[in-house]
Amino acid sequence: MLEELRITGLGVIEDATLPLGPGLTVITGETGAGKTMVVTSLGLLFGGRADAGRVRADPGRATVDGRLTLPAHLRAAVEGRIVDAGAEIDDDGTLLMSRTLTAEGRSRAHVGGRTVPVAVLGEVGERVFALHGQSDQLRLLRPAEQRAALDRYAGPEHEKLLGRFAELYTRWRAVEDDLADRRANARQRSQEADLLRLGLDEISRVDPQPGEDELLREEAQRLEHVEGLRSAAQLAHVSLTGTGDGDDVVDVLSLLSTARRTLEAQTGVDRVLGELAARLDEVATLAGDVTTELGSYLASLDADPGRLQEVYERRAALRALTRKYAEDVDGVVAWADRARAKLGELDTSDELLEELDRERRRLHGEVADLAATLSAARQEAAGRFAADVTVELAGLAMPHARIHVVVAPKPAGGGATVPTADGTEAGVGPDGADDIELRLLPHPGAPAQPLQKGASGGELSRVMLAIEVVFAGVGGPPTLVFDEVDAGVGGTAAVEIGKRLARLARDHQVLVVTHLPQVAAFADRHLVVAKDTGGAVTTSGVRVVEHTDRARELARMLAGLPDSDLGIAHAEELLSVADREKSNP
């Protein structure tokens with residue numbers, strides 16, 4: 001549940017705070033007062049598209065802050081995503097969310113005081129928030145949206161079935177496309193495979209090893225300079241051990257030993273000399289290690305001209321490969337690995353084609369079977385869905401209207417097809433082999449027409465609300481926002497819309513932007529957005545109205561006369577009727 005919303009610097013709104021709560025909250029006000037910005041801010045808070053043109057020039061930054069309390073059944077799922085993003089939920093389940101937009105178009109999102117990607121707000125919004133406006137009515141006219149509505153109504157098990165079908169369909173199409181490509185491009189694939197085999201044969205004859213070129217370079221350098229290396233190593237070895245010719249050779253190890261013993265003799269007088277003696281002992285140990293390694297190095301030096309020639313020839317062979325296939329030997333080895341994998345993809349042998357064809361036919365059969373199961377499930381759900389929506393339409397002042405949900409095979413065009421029960425072919429896609437169409441029969445004797453042809457604006461509003469009420473009975477987000485979905489409706493139908501929204505609000509938090517007093521009368525909380533004399537909406541411009549103030553606002557909505565005694569009397573009567581309806585279970 002959204003407990004509070006604060007908006008600053010967005011459109012005509014300079015600074016406004018909306019206290020929200022459970023049940024039905026209506027937002028009313030004169031045209032241009034900023035009601036649309038309230039809906040826009042909710043979209044921004046839950047990850048919607050940002051429009052920099054909505055940001056006020058002063059201060060050049062718009063901010064939307066919201067305080068959200070997560071219901072227990074959603075907390076675990078939402079908390080996992082929030083924690084992954086580096087934020088956290090308060091111990092009481094409260095979540096602070098914020099969205100900032102600058103006039104230059106930069107957008108930032110925060111959750112729990114931590115910066116997060118805007119997508120995180122959208123992921124939270126998908127679980128806790130649903131926005132319905134007049135654009136949603138237009139979306140409802142699209143066949144894909146009507147199919148999605150039926151699938152959503154059918155329930156979670158049906159959606160799992162739909163997910164399995166989409167996965168199976170993707171695998172089938174991948175095998176189908178692979179087989180078709182291998183058959184259509186067999187000659188080109190064979191030529192490419194021959195070139196790869198030639199390269200692999202050349203590389204395999206040389207058999208390069210990872211890092212071999214660098215090792216050979218180092219070995220060649222040693223062999224080319226072996227005499228100089230031997231002289232340097234011998235001189236260093238003699239300097240350390242004193243094993244050279246003549247009596248004047250200085251023995252470094254003996255000198256270190258003498259220095260250490262001399263200092264140790266004075267340790268009793270000054271402990272500093274003892275510490276230095278210990279360090280000299282470490283130096284002597286290190287020098288001894290170096291002496292041993294120099295001896296091993298001298299023994300390993302080999303001035304073999306034959307070996308040097310072998311190294312030159314091997315390096316030449318490797319350079320021939322690097323000129324063709326990669327910059328270094330490691331790259332040549334990687335090229336060979338990729339070439340072997342590519343050969344498998346280029347295979348057009350009869351054995352492989354037969355195997356792929358068997359797999360294609362097997363997957364196609366499974367797709368056809370699952371498509372039939374999906375169609376049957378949609379047929380069953382369509383009857384229930386139509387009946388439930390029809391019942392709701394009767395309560396929305398359309399007592400003779402009927403909704404029909406037609407589940408028909410997709411036309412078998414030039415794309416993929418599956419067989420149907422009557423032996424014909426139907427088109428198939430990742431969402432199945434069915435076209436779904438909602439049809440409205442407005443009154444007895446009239447033909448059932450598709451929504452886009454048979455429904456007026458007011459009727460479409462009521463159909464959408466009826467569908468949402470039906471959806472509420474099978475779950476859905478806990479917070480629902482309706483932006484003037486009652487457009488084109490009045491009279492008795494408006495009262496019935498108010499009743500339905502109040503009924504939705506028993507189990508959901510419902511926020512409604514409306515111009516209809518018949519709808520506003522059913523509110524548990526009534527907010528009014530009003531301009532100040534400067535034409536901007538300030539904090540004091542959004543207020544909760546109660547008692548007399550609420551009757552005055554309804555009178556303004558009824559006749560534009562908030563101070564009319566007759567208008568206020570009519571408003572109070574409307575409030576009384578709404579209270580009686582709400583108290584009736």
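Predicted model: local features only at pLDDT ≥ 70, side-chain atom pairs only at ≥ 80, totals over all residues.
I take contact to mean heavy atoms within 4.5 Å. Helices (H or I, at least four residues) and strands (E, at least two) are DSSP runs, numbered from the N terminus.

Residues are numbered from 1 along each chain as its sequence is written, and side-chain values use heavy atoms, with hydrogens and water left out.

**Entry 1: α5 and α14**

I looked up which residues of α5 meet α14. From α5 (143-154), the contact draws on Arg147, Leu150, Asp151, Tyr153 and Ala154. On the α14 side I found Arg378, Ala381, Ala382, Arg384, Phe385 and Asp388. Sorted by class, this contact holds six nonpolar, no polar and five charged residues. For the classes, Ala, Val, Leu, Ile, Met, Phe, Trp, Tyr, Cys and Pro are nonpolar, Asp, Glu, Lys and Arg are charged, and the others, Gly among them, are polar.

I then checked the geometry: the two axes come within 9 Å and cross at roughly 95°. This makes α5 roughly perpendicular to α14 (under 35 degrees is roughly parallel, over 145 roughly antiparallel, 65 to 115 roughly perpendicular, the rest oblique). Axes are lines fitted to C-alpha atoms, for helices over the stretch in contact, and angles run from 0 to 180 degrees between N-to-C directions.

**Entry 2: the three-stranded sheet**

I traced an open antiparallel sheet in the order β9-β12-β13; strands pair if DSSP finds at least two bridges between them. β9 and β13 (449-450) are the edge strands with a single partner each, so one side of each has no neighbour in the sheet. Two bridges join β12 (434-441) to β13, and I noted arginine 439 with proline 450 as its bridge partner in β13. α5 packs on this sheet, touching β9 and β12, at about 90° to β12. α14 also touches β9 and β12, and its direction makes about 165° with that of β9.

**Entry 3: the second largest pocket**

I looked up which elements each supply at least two lining residues here. They are α14 (350-394), β9 (402-409) and β10 (417-419), and α14 gives the most, with five residues. The lining has 16 residues, with Ala372, Ser375, Thr420, Ala421 and Asp434 nearest the centre; 11 are nonpolar, three polar and two charged. The volume is about 250 Å³, the space filled by probe spheres set on grid points joined across faces, edges and corners. On a 1 Å grid over the protein atoms alone, a pocket is an open set of points where a 1.4 Å probe fits, with protein on both sides within 12 Å along at least five of seven lines; lining residues have an atom within 4 Å of a point.

**Entry 4: the six-stranded sheet**

I recorded the order β8-β14-β15-β3-β16-β17 for an open sheet of mixed pairing. The edges are β8 (129-133) and β17 (542-544), each with a single partner strand, so one side of each lacks a neighbour in the sheet. Neighbouring strands are turned by 15° on average, direction ignored. β3 (24-28) runs parallel to β15 (509-513) through four bridges, and threonine 25 stands opposite leucine 511. Helix α19 (547-559) lies across β3 and β16 (525-529), at about 60° to β16.

**Entry 5: the β1-β2 hairpin**

I found six bridges joining β1 (2-10) to β2 (13-19), which run antiparallel. Leucine 10 has isoleucine 13 as its bridge partner. Two residues lie between the strands, and glycine 11 takes a positive phi near 60°.
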